[in-house]
Amino acid sequence: MKMKGSFAIWWNPLPLWLKFATVLIAYPAWALIVYCIVTGKAKDVLSLWAVGTFAVCVLLHVMFDKRNRRKGIADHSGLELRGGDE
């Protein structure tokens, strides 16, 4: 149960658009990467696009996590549609 609480602390302050991008883009890209590795097509163009897409989502997560740690999680509600400062 403690792990679920720590996940909520990390997930809640993220912007809504980044949550959607994670669920709709990053998770399928990860599944595609795993599929390409299992089928032996790891160097295919499609798998390279999936790695690039996943990397962009990861970099966005790192950037917003750094912002939340610097400013304090209480400052962000997670419902903002833009990621910048108001």
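**Entry 1: contacts along the chain**
I began with contacts (heavy atoms within 4.5 Å). Among those in the protein chain between residues at least 6 apart in sequence, 68% join residues at least 24 apart.

Residues are numbered from 1 along each chain as its sequence is written, and side-chain values use heavy atoms, with hydrogens and water left out.

I checked pLDDT, the predictor's confidence in each residue, from 0 to 100. The protein chain averages 81, and 76% of the residues score at least 70. Which element has the lowest mean pLDDT? I found helix H1 (residues 2-11) there with 69, while H2 has the highest mean, 94. A reminder to myself: where pLDDT is low, the predicted coordinates should not be read in detail.

**Entry 2: helices**
I counted three helices and zero strands in the protein chain, in the pattern α-α-α along the sequence. Helices (H or I, at least four residues) and strands (E, at least two) are DSSP runs, numbered from the N terminus.

**Entry 3: buried or exposed**
Here buried means under 20% relative accessible area, exposed over 50%, and partly exposed in between (1.4 Å probe, protein chains only). Of the 86 residues of the protein chain, 26% count as buried.

I looked up Asn68, in helix H3 (residues 45-71). Asn68 counts as buried because its relative accessibility is 3%.

Ser47 also lies in helix H3. Is Ser47 buried or exposed? I found Ser47 buried, with a relative accessible area of 3%. Not counting residues up to four places away in sequence, Ser47 touches Cys36, Lys41 and Ala42. A polar atom of the Ser47 side chain lies 2.7 Å from the backbone oxygen of Ala42.

**Entry 4: the surface**
I looked up the accessible surface of the protein chain, which comes to about 6400 Å², with 72% of that belonging to carbon and sulfur atoms. Accessible areas come from the Shrake-Rupley method with a 1.4 Å probe; for residues, only the protein chains shown count as cover.

My last stop was Phe20, placed in helix H2 (residues 16-39). Phe20 is partly exposed, with a relative accessible area of 49%.

Key:
Predicted model: local features only at pLDDT ≥ 70, side-chain atom pairs only at ≥ 80, totals over all residues. Polar contact = N/O pair within 3.5 Å; in protein donor to acceptor, adjacent residues only side chain to side chain.
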